[in-house]
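Have the model open and follow along.

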Amino acid sequence: MEEQRISVPRLEGVSQEHFMQHLYPQRKPLVLEGIDLGACTSKWTVDYLSQVGGKKEVKIHVAAVAQMDFISKNFVYRTLPFDKLVQRAAEEKHKEFFISENEKYYLRSLGEDPRKDVADIRKQFPLLEGDIKFPKLFKEEQFFSSVFRISSPGLQLWTHYDVMDNILIQVTGKKRVVLFSPRDAQYLYLSGTKSEVLNIDNPDLAKYPLFSQARRYECSLKAGDVLFIPALWFHNVISEEFGVGVNVFWKHLPSECYDKTDTYGNKDPTAASRAAQILDRAIKTLAELPEEYQDFYARRMVLHIQDKAYSKNFE
């Protein structure tokens with residue numbers, strides 16, 4: 001089956017009211033253009049970020065290859081002063097390096113204590129706060145985190161989903177983003193929240209034969225673009241050139257639905273985690289039966305879940 005490719009719609013001049021009433025309920029990705037993001041799109045050069053961002057130590061991913069894989073962990077964690085990170089990430093080749101002169105860098109900013117605190121660019125980088133305006137696409141009390149992302153040219157992040165709605169603000173540089181619908185999860189060969197299919201442009205279909213059935217939504221982001229990524233939508237990001245972005249996450253479900261220990265926005269809702277535990281117990285119980293019976297009752301369970309829990313309201 002040939003892969004389906006769908007362009008993510010682009011809209012300019014969308015008001016908060018129009019977004020919330022007409023676009024948000026569709027639960028589909030959308031690129032918003034022409035939003036006032038403040039001075040960051042012109043000010044956040046390498047020199048400016050190095051100077052204003054200062055020498056705060058930041059934890060970064062360092063990879064010898066462009067395709068980063070969180071499942072096999074083909075990268076190492078290191079720390080650098082923020083100004084050094086910005087300067088190195090903007091280079092194609094490095095005089096100073098950890099692994100090799102061609103290594104790639106990726107910053108996903110963290111809270112003061114990542115085990116307890118969420119990332120918020122306004123707290124971790126207060127001197128940059130005045131440069132950026134967050135689009136008003138959600139209520140202030142729903143705010144969860146704002147994550148600074150800085151990537152080397154060519155860096156590709158693994159395909160994964162988050163459990164909260166978020167926007168990716170492309171401040172500088174260009175990115176290509178490929179997204180997959182939550183309804184296509186069965187084709188993505190999941191390991192937790194991540195897909196095992198690393199090379200989405202030339203996948204190993206002998207190993208991942210169902211991947212070609214996943215509908216592929218694609219967009220290119222330039223400086224000033226804002227990509228709305230609904231919760232549970234899988235996304236894979238390539239930095240086509242050195243770039244800076246900010247992810248803003250918000251809680252669109254009631255707060256009690258989320259795992260209180262989650263500081264990243266990627267832990268499954270508590271009810272989903274409980275359901276998965278119950279399912280694991282059910283599978284272990286079925287193991288008490290002979291294989292023929294296990295198979296029969298497992299199939300009945302799948303049909304029951306499909307009948308009772310699958311939604312008919314989504315494509």
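Q: How many aromatic pairs are there?
A: Rings of Phe, Tyr and Trp (its six-membered ring) pair up if their centres lie within 6.5 Å; planes under 30 degrees apart are stacked, over 60 edge-to-face, and the rest tilted. This is a predicted model, where local features need pLDDT of at least 70 and side-chain atom pairs 80 or more, while totals for chains, interfaces and linings use all residues. Residues are numbered from 1 along each chain as its sequence is written, and side-chain values use heavy atoms, without hydrogens and water. By the ring rule, the count is 18.

Q: What kind of aromatic pair do tyrosine 24 and phenylalanine 228 form?
A: Their centres are 5.6 Å apart. The planes sit at 40 degrees, so the pair is tilted.

Q: Are tyrosine 24 and phenylalanine 228 buried or exposed?
A: Buried means under 20% relative accessible area, exposed over 50%, and partly exposed in between (1.4 Å probe, protein chains only). Both of these residues are buried.

Q: What kind of aromatic pair do phenylalanine 296 and tyrosine 297 form?
A: Phenylalanine 296 is partly exposed at 45% relative accessibility, and tyrosine 297 is partly exposed at 34%. Their rings are 4.9 Å apart, centre to centre. With 80 degrees between the planes, the pair is edge-to-face.

Q: Which residue has its charged end over the ring of tyrosine 24?
A: A charge sits over a ring if NZ of Lys or CZ of Arg is within 6 Å of the ring centre and within 35 degrees of the ring normal. Here, 5.1 Å from the ring centre, it's arginine 27.
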